Amino acid sequence: MKTSDEPLRVTVFASGRGSNLEAILKNINAGKVNARIVAVISNNSKAGALELAGKNNIPAYHISQKQYTDEHLFSDALLKVLQQHNTQLIALAGYMKKIPLPVIRAFKDRILNIHPALLPSFGGHGLYGHFVHEAVLNYGCKISGATVHIVDEDYDTGPPVCQQCVPVLENDTPDTLAARVLAVEHEIFSQAIQLFAQGRVQVKGRRVIIADR
Ligand code: GRF
């Protein structure tokens with residue numbers, strides 16, 4: 001549990017445009033989140049998130065499994081950057097690759113992921129981005145939403161920290177639903193990070209206990 005008022009040191013992993021990263025930065029700058037993004041890591045050298053980091057004077061790293069012959073060298077490279085920046089929390093903000101086990105174990109209960117559905121529904125391998133919203137619409141759901149969850153050793157299976165619903169509308173397409181869910185992602189990710197910054201999160205098995213203020 002974090003106690004001091006020092007900003008929580010967060011390293012963000014992202015593979016794409018970085019709209020979640022941008023939303024977290026906005027909420028930090030607005031004083032809603034007592035955190036500091038100390039590094040951004042991407043598997044994609046062309047990720048908008050790396051460009052966004054650069055514009056905000058945040059150390060940005062392109063680190064990909066493809067650069068390493070051995071997966072241990074890859075996880076060592078990630079751990080080196082995480083430790084170099086004294087990372088206290090890892091935020092997977094649109095990160096499309098699996099986090100290596102050594103990193104998950106080194107940061108047990110201190111890695112968050114954002115998923116664009118109400119887990120455990122519509123989660124797991126292959127259900128990401130557009131495919132999630134397509135599956136929700138094909139199933140005929142009346143509500144969808146977003147989940148911030150603790151990352152454990154499998155895809156999308158860790159206990160939720162924050163969840164929020166959005167309505168599914170009659171004429172929704174995967175894109176219109178994605179946009180409605182994304183707006184909620186941008187809010188609940190920052191809320192979850194702030195809970196960690198306030199030292200209010202305790203993970204007990206499958207339960208995430210949020211202490212009162
Ligand atoms: C988001 O919809 C998130 O749910 C998923 O990746 C998508 C892209 O995120 N994990 P971003 O716009 O790059 O932050």
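1. Lys204 is placed in strand S8, which covers residues 201-204. This model is predicted. Is Lys204 buried or exposed? Its relative accessible area is 54%, and because values over 50% count as exposed, Lys204 is classed as exposed. Between the C-alpha atoms of Lys204 and Asp70 there is a separation of 34 Å, the two residues being 134 residues apart along the chain.

2. The largest nonpolar core is made up of 46 residues. Within this core, the residues with the most contacts are Ile37, Val40, Leu112, Val161, Phe189 and Ile193. Which element supplies the largest share of the core? That element is helix H6 (residues 174-197), with 10 residues.

3. Val161 deserves a separate look. Leaving aside residues up to four places away in sequence, Val161 touches Leu112, Val148, His149, Ile150, Ala192, Leu195, Phe196, Val208 and Ile210. Another core, of 20 residues, lies apart from the largest one; its members include Val103, Ile104, Phe107 and Val151.

4. Attention now turns to the aromatic rings. How many aromatic pairs are counted? The count comes to four. One of the pairs is formed by Phe122 and Tyr139, with 6.1 Å from centre to centre and 75° between the planes, an edge-to-face arrangement. This pair links distant parts of the chain, since Phe122 is in the loop between S5 and H5 while Tyr139 belongs to helix H5, 17 residues apart. Tyr139 has a relative accessibility of 66% and therefore counts as exposed.

5. A further pair joins Tyr128 and Phe131. Why is this pair called edge-to-face? The ring centres are 5.3 Å apart and the planes stand at 80°; planes over 60 degrees apart count as edge-to-face, so the pair of Tyr128 and Phe131 falls in that class.

6. Where is Tyr128 found? Tyr128 is located in the loop between strand S5 (111-115) and helix H5 (130-139). Its relative accessible area is 43%, so Tyr128 is partly exposed. Phe131 is likewise partly exposed, at 41%.

7. The final point concerns the surface. Tyr128 and Phe131, together with Met96, form a nonpolar patch there. The accessible area of Met96, Tyr128 and Phe131 together is about 310 Å².

Definitions and conventions
Residues numbered from 1 in each chain as written. Predicted model: local features only at pLDDT ≥ 70, side-chain atom pairs only at ≥ 80, totals over all residues. Heavy atoms only, no water. Core = buried A, V, L, I, M, F, W, Y, C linked by side-chain atoms within 4.5 Å. Buried < 20%, exposed > 50% of the residue type's maximum accessible area, 1.4 Å probe, protein only. Helix = DSSP H or I, 4+ residues; strand = E, 2+ residues; numbered from the N terminus. Contact = heavy atoms within 4.5 Å. Patch = residues over 30% accessible without salt bridge, like charges linked within 9 Å, V, L, I, M, F, W, Y side chains within 5 Å. Areas by Shrake-Rupley, 256 points an atom, 1.4 Å probe, with all protein chains shown as cover. Salt bridge = Lys/Arg side-chain N within 4 Å of Asp/Glu carboxyl O. Phe/Tyr/Trp six-rings, centres within 6.5 Å; stacked < 30°, edge-to-face > 60°.
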